[in-house]
Amino acid sequence: MQLPLARPVLNELEAKEVARVIRSGWVTQGPEVEEFEAEFAGFVGARHACAVSSCTAALHVALLAIDAGPGDEVITVSHSFIATANAVRYAGALPVFVDVDPVNGNIDPSQIKDAITSRTRAILVVHQLGMPCDMNAILGIAGAAGIPVIEDGACAVGSEIFVANAWQRVGRPHGRICCFSFHPRKLLTTGDGGMLTTDEPALDRKFRLLRHHGMSVSDRARHEARTVVLEEYVEIGFNYRLTDIQAAVGRVQLRRLPQVVERRRALAARYHELLADVPGIGLPVEPHWARSNWQTYSVRLPAGRQRAVMQSMLETGIATRRGVMCAHREPAYRNAPWRCVEGPGSCGCGPTGCRRLVNSERLQDTSIALPVFHEMTDEDQRNVASALRGALHG
Ligand SMILES: *Cc1c(COP(=O)(O)O)cnc(C)c1O
């Protein structure tokens, strides 16, 4: 493969920091994790940041922290990586899928209100592919109904939203909690890893309990105590720890992030130019109040062309991926409970489709993600553009 879809930026700086932590003798949820949390909170502008083992773990912890459980409904999108919907199921709540905007693939705020019932416990929005959701609209609707908003910011580290007359980073947070992923497909990677941010001390304390078996004192506090400390396990928690080895990588990645975001914004701008006159394709659109980190650059093709275009590009050595999946169409959701805005059973919601999730399904079936990575050259981008043009019209 000449051109991969993505490639993480990792080098000797990370390797050196990993060696330092290994030699220190403290390798999990210790001082390095604390430093990473403080630096991450500072970067996004949040009061608290709590590191965990993945964004999936972060989403689970976030839902438990706001007491989502059996009998509750969580309004979210089907059109996301499956971890978003799965986290709702882990908590025992019912996912209520709302359709997305036909262009940017984010939750359509105008459809949220109809999905709210007396059982709605949270609205879980996704900043899909790094493009911020319309948080002003979402927070207005959620605020009027008194429902907490959780942000799945897995892809959106370094993205910005214009709120209250200023550019603010995703994760400040704008809802009550924002969750991030540090998987290698995201802009900041620790191999695997995740982070929760919040401004509420009580929520942050809850995250720390849940990620560490419900244990009442941290390992570090116990280690440093001058008197014997006996811990208690105050509730059923999990092992969702991030290691200090991962945190050391994350700290280097965080320092490099502004540069990585800037580079991706330039790559996206160049794709806009190169693809502007290709007939029949839809380019991603950045609203005037959003600055995407362009975790993914995804274009919409005419119906029925996705697979053949991907195959043709593959044959010229260019990797692509189909559009974001839809959880409701996967076998795992065939028997798992979920509903759309019309209520269970009333619209024939099922694996073959849901007539209320038309934009979600269409985006999955017609979008493709193009290669974007830090070291990509202008020649690489021109090759992608001409391969795409050839695949569609050649
Ligand atoms: C990647 C991703 C996740 C899962 O993140 P992990 O860190 O791999 O658990 C969740 N939601 C979205 C939208 C993602 O893109």
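Two strands pair if DSSP finds at least two bridges between them. By that rule, strand β6 (residues 160-163) and β7 run antiparallel, joined by four bridges. This is a predicted model: local features need pLDDT of at least 70, side-chain atom pairs count only at pLDDT 80 or more, and totals for chains, interfaces and linings use all residues. Residues are numbered from 1 along each chain as its sequence is written, and side-chain values use heavy atoms, with hydrogens and water left out. Helices (H or I, at least four residues) and strands (E, at least two) are DSSP runs, numbered from the N terminus.

**The antiparallel sheet**

- Strands of a sheet pair through backbone hydrogen bonds, either parallel or antiparallel.
- Three strands form an open sheet in the order β7-β6-β10, and their pairing is antiparallel.
- β7 (166-169) and β10 (290-291) are the edge strands, since each pairs on one side only.
- Val163 stands opposite Ala166 in β7.
- β6 and β7 form a hairpin, with two residues between them. One turn residue, Ala164, has a positive phi of about 50°.
- On the β10 side, two bridges join β6 to β10, and these strands run antiparallel.
- Glu160 has Arg291 as its bridge partner in β10.

**Strand β4 and its parallel partners**

- Six of the seven residues of strand β4 (residues 120-126) are buried, so the rest of the structure largely encloses this strand. Buried means under 20% relative accessible area, exposed means over 50%, and partly exposed is in between (1.4 Å probe, protein chains only).
- Strand β2 (residues 73-76) pairs with β4 in the parallel sense, over three bridges.
- Glu73 has Thr120 as its bridge partner in β4.
- β4 also runs parallel to strand β5 (residues 149-152), with four bridges joining them.
- Ile123 stands opposite Val149 in β5.
- From β4 the chain crosses through helix α6 (residues 135-145) to β5, and this β-α-β crossover is right-handed. Right-handed here means that, with the strands pointing away from the viewer, the path from the first strand over the helix to the second runs clockwise.

**Helices that cross**

- The axes of helix α3 (residues 55-65) and helix α7 (residues 201-211) come within 10 Å and cross at roughly 125°. That makes α3 oblique to α7. Angles under 35 degrees count as roughly parallel, over 145 as roughly antiparallel, 65 to 115 as roughly perpendicular, and the rest as oblique.
- Axes are lines fitted to C-alpha atoms, for helices over the stretch in contact, and angles run from 0 to 180 degrees between N-to-C directions.
- α3 passes α7 in a right-handed crossing. A crossing is right-handed if the near helix is turned clockwise from the far one by less than a right angle, and left-handed if anticlockwise.
- Val61, Ala62, Leu64 and Ala65 of α3 meet Leu203, Lys206, Phe207 and Leu210 of α7. Contact means heavy atoms within 4.5 Å.
- The axes of α1 and helix α9 (residues 244-275) come within 8 Å and cross at roughly 145°.
- α1 passes α9 in a right-handed crossing. Residues making the contact include Leu13, Glu17 and Val21 of α1 and Ile245, Ala248 and Val252 of α9.

**Helix α11 and Arg321**

- Helix α11 (residues 358-366) has these buried residues: Asn359, Ser360, Glu361, Leu363, Gln364 and Thr366.
- Their cover includes β11 (297-300), α10 (306-315), β12 and β14 (367-370).
- Arg321 is found in strand β12 (residues 321-322). Arg321 counts as partly exposed, at 48% relative accessibility.
- Arg321 and Met310 are 11 residues apart along the chain, and their C-alpha atoms are separated by 7.5 Å.
- Leaving aside neighbours within four places in sequence, Arg321 is in contact with Leu5, Met310, Ser367, Ile368 and Ala369.

- Most residues other than glycine have a negative phi, and most peptide bonds are trans.
- Gln29 is not a glycine, yet has a positive phi of about 30°. Gln29 lies in the loop between α1 (12-24) and α2 (31-44). At 10% relative accessibility, Gln29 counts as buried.
- Trp294 is not a glycine either, and has a positive phi of about 50°. Trp294 sits in the loop between β10 and β11. Trp294 is buried, with a relative accessible area of 5%.
- The peptide bond from Arg172 to Pro173 is cis, with omega near -10°. Pro173 is found in the loop between β7 and β8 (177-181).
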